[in-house]
Amino acid sequence: MSHSETKPVKIAKPKLPKQLSSVKLANSTILDRAEYGQALCQDEEIMDVIAEKVTFDQMVFENITFSSTSLLHAELTDVVFKNCDLSNVNFSDSVLHRVQFTHCKIIGIDLTAATMRNVSFQACAGDYATFRFANMKNISFQECSLIKSDFYHSEFASIELIGCMIDGTQFTGAKLKGIDLSQTEFFNLGVTMEDLQGCIIAPAQALLFSKIFGLVIKE
């Protein structure tokens, strides 16, 4: 299949009401099983939060910095993050459905074993992000830096990476069949020959993979 034949991934956008009430979370304690919905959170820092099974439903977070935050087993549905700093936030074992990250800093974000459906990342800094063992379907990464991120044994279905830097990213155990890497940049990847079966690459990338696997091309 040529690059021109690769179909764009269809991502369902977050479903939000026309009006959202403002909420401040910085001065409140986010406890286990707390629920927040149909609200806009802006221009504040949320820090030192450790909670499980928190629910965010129809929420917009804009210009929010999350510091020392761990939200395990969280459930995010119809959520938008704009210009937020989620560096090193722990969302392990969480469920994300119709979630959008735009111009966000997600360096070191931990989405280990997360279930992700219809999630988009646009112009995000995501170096060292962890998606190990995540189950990912209908996912879009556009113009993102994902250097040394980790997709070890992730399950992929309908994933696109457009204009992304993925140098040093770990894909071992993640089957890349049907995944188009032709619009990504990298010099090295953590990947096996078996993982690459059915993967779509640009001609120049074939030479890179030959070097990765120690092949000698005779001219």
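Start by selecting D150: at 14% relative accessibility, D150 counts as buried (buried means under 20% relative accessible area, exposed over 50%, and partly exposed in between, with a 1.4 Å probe and protein chains only). You are looking at a predicted model, in which local features need pLDDT of at least 70, side-chain atom pairs count only at pLDDT 80 or more, and totals for chains, interfaces and linings use all residues. Residues are numbered from 1 along each chain as its sequence is written, and side-chain values use heavy atoms, with hydrogens and water left out.

R132 sits in the loop between β8 (115–122) and β9 (135–142), and D150 in the loop between β9 and β10 (155–162), so the pair ties together parts 18 residues apart in sequence. Strands (E, at least two residues) and helices (H or I, at least four) are DSSP runs, numbered from the N terminus.

Next, select D78 and R98. Their closest N and O atoms are 2.5 Å apart, in another salt bridge. D78 belongs to strand β6 (residues 75–82) and R98 to strand β7 (residues 95–102), so this pair links parts 20 residues apart in sequence. Both D78 and R98 are buried.

Finally, go to E194 and K175, a salt bridge with its closest N and O atoms 3.3 Å apart. E194 is exposed, at 53% relative accessible area, while K175 is partly exposed at 42%.

Terms used
A salt bridge is a side-chain nitrogen of Lys or Arg within 4 Å of a carboxyl oxygen of Asp or Glu.
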